[in-house]
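Trainee: Could we go through this structure together? I would like to begin with the ligand.

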Amino acid sequence: AASPVHVTVTGAAGQIGYALLFRIASGQLLGPDTPVRLHLLEVPQAVKAAEGVALELDDCAFPLLAGIDIHDDATEAFAGTNVALLVGARPRTAGMERGDLLSANGGIFGPQGAAINAGAAQDVRVLVVGNPANTNAFIAAAAAPDVPKDRFTAMTRLDHNRAVGQLAARTGAPVTDIARVTIWGNHSATQYPDLLHATVGGRPALEVVGDDAWVRDTFIPTVAKRGAQIIEARGASSAASAANAAIDHVRTWVDGTPAGDWTSAGVVSDGSYGVPEGLVSSFPVTSDGGAWQIVQGLELDGFSRGRIDASVEELVDEREAVRALGLA
Ligand code: NAI
């Protein structure tokens, strides 16, 4: 049998962790031929809850689950890991300033980046889910100078999937008919969900929709503010859909994007589309199973340019704040 792939999940006792771990262990992350060994990282006070989740994983008798280790130490949790899902983060609480939020998260993602640098497998792939995801990924990458920058990614696949869902609902097309949707910028309310190059059944999405006001006034804000709508309705933030997006992100990264399509991911910018080099920004990306590639040569209209610039400006501000705090 194949030797197990080591997958580390941080924040394993949280709500996304609970929706994510069973899917990983069932083979949905890496496919039906790949055994996985799980490494759960939690803060000491949540280790007991993580142990409870591990008991339930045992009770599923998943054929592909080759073992579970529970850690409260990042160096141990990331030793030899192939796939690192950084879910645990310090949430923003009422009245918390951005500087406080960034510094609390810098205290998590800096040391985790350093631990990945010190001991992860050569082929490690990192997905940051915990918010602010783009800047947390920036901090982790900065703390891992020996790991190629293209291994660090931030999750905007949930936004991407939300955009696909909204477009499918509006047009009545099955989601499988929708291609080339893009999320640009930050995983925040400033993100730009973009249909300019999207297609529905091979036809330009904007033509199929035929209603620019809907795109601007309904589609974009619905996608960008969906997280708040979920909290309002459910009384808790998105968890199963976030876990699903994390699965999709890694699965697409490892398996590759379908021919003629792309997805969205926060990746370290190489300067494409005027996004300053080094920022972790969402782009249209393809994968051939190796590294993500930013889709090149897309023409942008003035509206798109303005929306991308506004979100990227927020990322620049976050980077400045992180640097001012000495976190990267
Ligand atoms: P949660 O609060 O239910 O769970 C977070 C868990 O992380 C807790 O068990 C906590 O003990 C743990 N944790 C905190 N610091 C840690 C550390 N240093 N090491 C290991 N574990 C640590 O939160 P939930 O709902 O699971 O969300 C997790 C994160 O994902 C949040 O930051 C949330 O904002 C973010 N998120 C991101 C999305 C995206 O699209 N990028 C979508 C939805 C949520």
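Predicted model: local features only at pLDDT ≥ 70, side-chain atom pairs only at ≥ 80, totals over all residues.

Trainee: How many residues surround the ligand, and which are the closest?

Mentor: The ligand is surrounded by 27 residues. Gly11, Gly14, Ile16, Gly88 and Ala89 are the closest.

Trainee: Which helix gives the most to that shell?

Mentor: That is helix α1, residues 15-25, which contributes 3 residues.

Trainee: And what kinds of residues make up the shell?

Mentor: There are 15 nonpolar residues, 11 polar ones and 1 charged.

Trainee: Where does the ligand lie relative to the domains?

Mentor: It lies between domain 1 (5-154) and domain 2 (157-318), because both give residues to the shell around it.

Trainee: Changing topic, which residue does the UniProt "active site" annotation cover?

Mentor: In the UniProt record, an unreviewed entry, that annotation covers His187. His187 is found in the loop between β8 (182-184) and β9 (192-194).

Trainee: Is His187 buried or exposed?

Mentor: His187 is buried, because it has 31 C-beta neighbours inside 10 Å, and 20 or more are enough to count as buried. Leaving aside residues up to four places away in sequence, His187 touches several residues, among them Ala133, Asn134, Asp159 and Ser282.

Trainee: One last topic: what span should helix α2 have?

Mentor: Helix α2 (residues 47-60) has 14 residues and should span 20 Å at 1.5 Å a residue; its end C-alpha atoms are 20 Å apart, which agrees. Just after α2, Ala61 has a positive phi of about 45°.

Key. Residues numbered from 1 in each chain as written. Near = placed C-beta within 6 Å. Helix = DSSP H or I, 4+ residues; strand = E, 2+ residues; numbered from the N terminus. Nonpolar A, V, L, I, M, F, W, Y, C, P; charged D, E, K, R; others polar. Domains from an automatic or database assignment. UniProt positions renumbered as here; feature names shortened; annotations may be inferred. Buried ≥ 20, exposed ≤ 12 C-beta atoms within 10 Å, placed from the backbone. Contact = placed C-beta atoms within 7 Å. Expected span 1.5 Å × (residues − 1).
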